[in-house]
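Here's a quick briefing for anyone meeting this structure for the first time. Have a look at the sequence and the model below, then read on for a tour by topic.

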Amino acid sequence: MQFDEVIECIENLKNQTEQSDTLSDCDSILNEMLSLEFIVSLHVWYEILSRVNIISKLWQSVQIHLNIALEHLHTFCEWIKEYRETGFEKSLSDVRKFTERSCYDLPKEFRNKRVAKKKRMFDYESSDEPIQSPKIRYQTDFFYAMIDSIITSMELRFTSLNHILKILVFSMI
C-alpha cells in the first residue's frame, strides 16, 4: 500500500498552505486517516476488491465459458463467507504488522466513542445493552454489516445467473 506516501503528501500540503480552510481540511483528513478504523477498513476493502478484480478481468475475457465464470463466482461466494468468520482477526493482525512498520505513530487500538442512549418507551420490556468494546462495535457495525451486504448481493446475483444457465442448457438440448 502507498499509505505513507499519501499521508506525506497531505502533510506537505498542510505545511505549504496558509489558507485556514485548507489547513483545517488537512488536519481532519489526517486525523481520520491515522485512525485504526480507517486503516482496517482500507485493508478489508483491499482484500475484497483484489479478488473481485480477478473475477472481473476473467469475465471480460472473450474465451470464458459461462459455467467456468459461475464456478469462479461460486468460489468467491464461498471465500467471502469464510472471510466473514476469520477475516476480521486476520485483517487486524495484518494491520497491526503494518502499523509497526510504518514511519508514522499509528494507533494500536480502536477509538472509544461515546454511545448515545436511546429513548425508551414506557411499556418496553428491557433495554438493549450497547456494545462497550470499541473493537467488537467496529466489527459489528462495519465489518459484519459490509460482508453481509456483499454476501446477500452475491447470492441474489448467483441465483439469477444459475437460473439463466439452466435455461441456456435446456435450450441447447
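## The quick picture

Of the 173 residues in the protein, 28% count as buried. Keep in mind that this is a predicted model. The protein has five helices and zero strands, so if you read from the N terminus on, the elements simply go α-α-α-α-α.

- Let's start with charged pairs: side chains of opposite charge can pair when their charged atoms come close.
- How many salt bridges does the count come to? The count comes to six salt bridges.
- One of them pairs K81 with E155, and their closest N and O atoms are 3.0 Å apart. This pair links distant parts of the chain, with K81 in helix α4 and E155 in helix α5, 74 residues apart.
- How open are these two partners to the outside? K81 is partly exposed, at a relative accessible area of 33%, and E155 also counts as partly exposed, at 35% relative accessibility.
- R84 and D148 meet through their side chains in another salt bridge, at 2.5 Å from N to O. Here too, distant parts of the chain are linked: R84 sits in helix α4 and D148 in helix α5, 64 residues apart.
- R84 counts as partly exposed, with 21% relative accessibility. Buried means under 20% relative accessible area, so R84, at 21%, counts as partly exposed rather than buried.
- D148 is partly exposed as well, with a relative accessible area of 31%.
- E89 forms a salt bridge with K135, and the closest N and O atoms of that pair are 3.1 Å apart. E89 lies in helix α4 and K135 in helix α5, so this pair ties together parts that are 46 residues apart in sequence.
- E89 is partly exposed, with a relative accessible area of 42%, and K135 counts as partly exposed at 29% relative accessibility.
- Some bridges share partners, and these join R84, E85 and D148 into one network.

**The second largest pocket**

- Now for some empty space: rolling a probe the size of a water molecule over the atoms shows where empty space is left.
- What is the volume of the second largest pocket? Its volume is about 250 Å³.
- There are 14 residues lining this pocket, and the closest to its centre are V52, I55, L73, M154 and R157.
- Three helices each supply at least two residues of the lining: α3 (36–59), α4 (66–101) and α5 (134–172).
- Which helix gives the most to the lining of the second largest pocket? That would be α3, with seven residues.
- Sorted by class, the lining has 11 nonpolar, two polar and one charged residues.

- W45, L49 and V52 make a nonpolar surface patch of about 250 Å².
- L49 is found in helix α3, and L49 is partly exposed, with a relative accessible area of 47%.

- Is A69 buried or exposed? A69 is buried, because its relative accessible area of 4% falls under the 20% cut-off.
- A69 is found in helix α4. The C-alpha atoms of A69 and I55 are separated by 8.0 Å, and the two residues are 14 apart along the chain.
- L30 lies in helix α2, which covers residues 20–33. L30 is buried too, with a relative accessible area of 7%.

Key:
Residues numbered from 1 in each chain as written. Predicted model: local features only at pLDDT ≥ 70, side-chain atom pairs only at ≥ 80, totals over all residues. Heavy atoms only, no water. 1 Å grid on protein atoms, 1.4 Å probe; cavity = no way out; pocket = protein on both sides within 12 Å on 5 of 7 lines; lining within 4 Å. Points joined across faces, edges and corners; volume = space filled by probe spheres on them. Helix = DSSP H or I, 4+ residues; strand = E, 2+ residues; numbered from the N terminus. Nonpolar A, V, L, I, M, F, W, Y, C, P; charged D, E, K, R; others polar. Patch = residues over 30% accessible without salt bridge, like charges linked within 9 Å, V, L, I, M, F, W, Y side chains within 5 Å. Areas by Shrake-Rupley, 256 points an atom, 1.4 Å probe, with all protein chains shown as cover. Salt bridge = Lys/Arg side-chain N within 4 Å of Asp/Glu carboxyl O. Buried < 20%, exposed > 50% of the residue type's maximum accessible area, 1.4 Å probe, protein only.
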